[in-house]
Amino acid sequence: MFKFDNTYTRLPEKFFARVAPAGASNPELIKWNPDLARVLGAHPESISQKELAEIFSGQRLLPGSEPIALAYAGHQFGHFVPQLGDGRALLLGEVLDPAGKRHDIQLKGSGRTPFSRGGDGKAPLGPVIREYLVSEGMYHLGLPTTRALAAVSTGELVHRDRIFPGAVLARVASSHIRVGTFEYFAARNDHENLKILAEYSIKRHFPEIEKEPESMLQLFQRVGQAQVELVTGWMAKGFIHGVMNTDNMSIAGETIDYGPCAFMDHFQWHKVFSSIDQSGRYSYANQARITLWNLSRLGDCLLPFIDDGSRNAALMLNRELDYFETRFDEKLMQKMRRKLGILDEHPEDRQLIRNWLQHLETEKLDYTLSFRLLADMLKEEPAPDLFKETPAFHDFYQSWQRRIQSQGLEKKQIREHMDRVNPVYIPRNHKIEQTVNAGLEGDLSLFHEMNEVLARPYEEREGYSSYKLPPEPEETVRATFCGT
Ligand code: AMP
Ligand code: MG
């Protein structure tokens, strides 16, 4: 089905452990993603549901697949853990797509590995449904992410706070190299393997810098740029990752690990979803600072290789970090401007954006819906009273009108620009919760429907209004648990 072309398994043995998947007693296909399979060069028509269930539960190994669990470390909530690694995941192998791009195919929930510590290596159905929905939703919103290739139920039971049906998610990523992979070797003072990892990462993700004199500094720059692009993208769409530990930070700049993440309903600068994030370390607004903090950890690892490890190296890295900070601010401003229909730049835009967000926060308005409603006010005959006429809103609205009109575009054009970046449908947490609960009762129809809705997030469609609206008070999900 896939032509594997594995390179990670050719790295020194400290990078991974070879492990066979546990398999499943009674695998059944829940959902799969033939479009993504085609991107990977497969011809999905020829494969039966039964075979797919066997393949993506790990029961049947495809030719060329060499399953391994990857070693990595990581800072979790600021505390360093020298050994984490794939405790409930396996890399089946790498596939080169017809365009020559390399992808990892990984199973998550496929059983214990040498990195499992006390864990069972399994995944309950709920988190598998959740990751499938949110990662695919993220992809269709246009944000870099790992993707869901298949979800399979295993026929086994998984014990958490209660007993759940077991499942496996097959996911696809540009790679599974994390900041924590660098930290794994750095913590062991293993400069030889650290260098091998850095060179491998350059070859795999940034081949254009391979021959550059300061390629390690450039690696740092590239990873930083990718992260800035990613996290500003999250913030523009109202996404809170929830667990931005360095082991959950892919150097390819893709969203990885859909644990306690969520899209905000009403806007709050310091919104936190994760029940274990007591201090708000990974709150919405703090994601900017944490990106830089995580990049500093990567910088620590690369220090010995920059400017031949001279004293100057730290200075050079700090300069880059300052630059990332500026870039973060600029990129976020640029994305927020576009959400408001502003295509050029003016120093006063910052205050305009701030006033708008302040209004959303004060009035507890839905982040996603409000941008669409604001664009609706540019219609020939806007619906009256879309927003409460507070003095703050009135002031904002007047300046916003003046600002967008200064661009010399027609209202219709501005509205179209806004609707292209402001989604109607996001994977709302209460809808995910309802979908998961139905799934646990054996009803997957909501899961299929929600995937369908999220596949075209910018286009309003008949019959899906419940996906568009924020939760009623009794539907609100206050925290997402890490119970994965
Ligand atoms: P996460 O919080 O999902 O980023 O995972 C952090 C670490 O815990 C990783 O090393 C995981 O592989 C490991 N882990 C999480 N859940 C399990 C589990 N059920 N069994 C084994 N290892 C796990
Ligand atoms: Mg993780």
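Residue A151 stands opposite L169 in strand β10, where strands are DSSP runs of E of at least two residues and helices are runs of H or I of at least four, both numbered from the N terminus. The model is predicted, and local features need pLDDT of at least 70, side-chain atom pairs count only at pLDDT 80 or more, and totals for chains, interfaces and linings use all residues. Residues are numbered from 1 along each chain as its sequence is written, chains are lettered from A and ligands numbered from 1 in the order in which they are written, and side-chain values use heavy atoms, with hydrogens and water left out.

Strand β10 (residues 163-173) runs antiparallel to β9, to which nine bridges join it; two strands pair if DSSP finds at least two bridges between them.

Ligand 1 is surrounded by 17 residues, the closest being G85, G87, R88, G121 and D257; a residue is near a molecule if one of its heavy atoms lies within 4 Å of it. The shell divides into two nonpolar residues, seven polar and eight charged, with Ala, Val, Leu, Ile, Met, Phe, Trp, Tyr, Cys and Pro counted as nonpolar, Asp, Glu, Lys and Arg as charged, and the others, Gly among them, as polar. At least three shell residues come from each of domain 1 (8-176) and domain 2 (180-337), with bounds from an automatic or database domain assignment.

A side-chain N or O atom of R88 is 2.5 Å from an oxygen atom of ligand 1, and a backbone N or O atom of G85 lies 2.6 Å from a ligand oxygen. For R160, a polar side-chain atom lies 3.3 Å from a nitrogen atom of the ligand. The protein buries 82% of the 480 Å² that ligand 1 exposes when taken alone (Shrake-Rupley method, 1.4 Å probe).

Note on methods:
Polar contact = N/O pair within 3.5 Å; in protein donor to acceptor, adjacent residues only side chain to side chain.
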